[in-house]
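Take a look at the model below.

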Amino acid sequence: MQLFLGENGILNKTKEAKDNTSEKTATEIINLKITNIQIETYAKKQKMPSLQELADGLCEDKEDEIEYVITKKEQASLEKIEVGEATSIFTKLRQYPYEFEINSKLQLASIDGVKTETDNDQVAILQEKVDKLSVKVDDLSNTVTNLQNSIDNIKSIAETVGETQTTNNTITATAKNTATICSLNLTERKVYFIWNGYR
């Protein structure tokens, strides 16, 4: 019984899912209405609408889905309202229980008093993430450059060691030849020189 009726029961979870879907649907409808008014205003005036023009457009809603448009939470009206110095308006759809606040940037600012993330908020969050990733990429790039420099230094040292080894081998061979020559008597030295191409 708890599985069905409890706080975390199936019926409660189903109601939460339905409410969430209902809110998202209402939000999409309001966003679509805002976009349509922006498009219509731009087509007529070649500029984006003001908050006043948006409020007028919502009051004149052709689909008759808007219940009211107000500037304060005091009185509901479908008559054209005077926005004046207000920085936002409030509106509600007839079929949904949610009140939407639309700010002067013509973005949803809140739903039933709960602040919503605007595109600007999301862009700022994404920009912060990009900046952090950019710093990490720069750090990795510097690390790769440092590693490449270290590898070049190791190669240079290896070449120097190789040259030194070659020089040491030549000196050792020369010393052995000299020792061999010194240990020979005069006749053997002449034969050695002739045999090795020396005169």
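E53 has a relative accessibility of 17%, so this residue counts as buried (buried is under 20% relative accessible area, exposed is over 50%, partly exposed is in between, with a 1.4 Å probe and protein chains only). This is a predicted model: local features need pLDDT of at least 70, side-chain atom pairs count only at pLDDT 80 or more, and totals for chains, interfaces and linings use all residues. Residues are numbered from 1 along each chain as its sequence is written, and side-chain values use heavy atoms, with hydrogens and water left out.

E53 sits in helix α3, residues 51–59 (helices are DSSP runs of H or I with at least four residues, strands are runs of E with at least two, numbered from the N terminus). The helix is mostly covered, with 7 of its 9 residues buried. Among them are L51, L54 and L58. D56 is also buried there.

What does E53 touch, leaving aside residues up to four places away in sequence? The partners are I37, T41, K45, K47 and M48 (contact means heavy atoms within 4.5 Å). A polar atom of the E53 side chain also lies 2.7 Å from the backbone nitrogen of S50.

Now the charges. Side chains of opposite charge can pair when their charged atoms come close. The model has 6 salt bridges (a side-chain nitrogen of Lys or Arg within 4 Å of a carboxyl oxygen of Asp or Glu).

One of them joins E63 and K33, with the closest N and O atoms 2.9 Å apart. E63 is in the loop between α3 and β1 (66–70), K33 is in helix α2 (residues 10–45), and 30 residues separate them. K33 is buried because its relative accessible area is 7%. E63 is exposed, at 53%.

K33 also meets E65 in a salt bridge, at 2.8 Å from N to O. K33 lies in helix α2 and E65 in the loop between α3 and β1, so the pair ties together parts 32 residues apart in sequence. E65 is partly exposed, at 27%.

A further bridge pairs K92 with E67, at 3.0 Å from N to O. K92 is in strand β2 (residues 88–93) and E67 in strand β1, 25 residues apart. K92 is buried at 14%. E67 is partly exposed at 33%. Through shared partners, salt bridges join K33, D61, E63 and E65 into one network.

Last, confidence. The mean pLDDT of the protein chain is 79, and 77% of its residues reach 70 or more (pLDDT is the predictor's confidence in each residue, from 0 to 100). Confidence is lowest in helix α1 (residues 2–5), at a mean of 57, and highest in strand β3 (residues 99–103), at 92.

Methods. A polar contact is a pair of N or O atoms within 3.5 Å; within protein, one must be able to donate a hydrogen and the other to accept it, and residues adjacent in sequence count only if both atoms are side-chain atoms.
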